[in-house]
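The following note is intended for a colleague who is meeting this structure for the first time.

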Amino acid sequence: QLSCLVKMVTLHGIPKDLDTYPKDLLLFLSPSDYAATGSCRQYFANIGKANLDVLQRQSSQRKKLLLEALACLKIPGTQVNEENAEILGRLVCDLGGEHIRSSGGNLLKQLSQCESFLPDQEEAIRSVISSGNTTFGPPVAWSAFTLNELSGLIPVFDHSILQKIPK
């Protein structure tokens with residue numbers, strides 16, 4: 001339905017007010033389509049707020065979106081800073097374990113919004129959390145607020161992490 005709606009919306013060219021359309025609609029446009037109305041950074045900031053699950057998890061369309069986002073944001077390696085993590089939004093859910101490890105705690109806030117994780121991602125999240133080198137600090141120093149911030153990641157925590165969290 002969304003891809004059909006995009007065809008209707010773009011029938012007479014790309015509308016200048018694309019930012020006012022539902023974010024999920026933008027998943028079916030390319031950054032070059034959007035370029036007339038804004039920057040690729042703005043496009044991916046909007047995509048990051050969309051419901052990515054409209055597209056299948058390992059689909060070529062989702063993989064292409066992530067690669068285009070990394071190119072747009074000029075992220076050459078696997079390290080993503082906090083600012084770019086904010087822009088990527090839910091797109092971080094598709095980053096592999098290598099990106100999660102290299103980025104330290106920069107991705108945790110966005111990762112906590114993900115529906116599910118691949119084993120590689122889960123392992124990387126546990127590794128980053130266990131290191132304690134995040135803005136949240138080590139699990140022994142966490143508060144109820146911290147747990148609330150990371151609530152989407154709790155199912156990934158193993159026994160060694162859970163036992164360190166203060167009662």
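1. Four residues of domain 1 touch six residues of domain 2, contact being heavy atoms within 4.5 Å. Domain 1 covers 1-74 and domain 2 covers 98-166; such bounds come from an automatic or database domain assignment.

2. This is a predicted model, in which local features need pLDDT of at least 70 and side-chain atom pairs count only at pLDDT 80 or more, while totals for chains, interfaces and linings use all residues. Residues are numbered from 1 along each chain as its sequence is written, and side-chain values use heavy atoms, with hydrogens and water left out.

3. Between them, domain 1 and domain 2 bury about 320 Å², of which 39% is on carbon and sulfur atoms. Buried area here is the accessible area (1.4 Å probe) that two parts lose on being put together, summed over both. On the side of domain 1, Asp53, Arg57 and Leu70 lose the most area to domain 2, together accounting for 85% of what that side buries.

4. The residues of domain 1 that touch domain 2 comprise one nonpolar, one polar and two charged. Zero salt bridges are found across this interface (a side-chain nitrogen of Lys or Arg within 4 Å of a carboxyl oxygen of Asp or Glu).

5. Lys74 lies in the loop between α5 (60-72) and α6 (82-88); helices are DSSP runs (H or I, at least four residues), numbered from the N terminus. The phi of Lys74 is near 55°, a positive value in a residue other than glycine. Lys74 counts as exposed because its relative accessibility is 70%, the exposed class being over 50% (1.4 Å probe, protein chains only).

Methods: Ala, Val, Leu, Ile, Met, Phe, Trp, Tyr, Cys and Pro count as nonpolar, Asp, Glu, Lys and Arg as charged, and the others, Gly among them, as polar. Helices (H or I, at least four residues) and strands (E, at least two) are DSSP runs, numbered from the N terminus. Buried means under 20% relative accessible area, exposed over 50%, partly exposed in between (1.4 Å probe, protein chains only).
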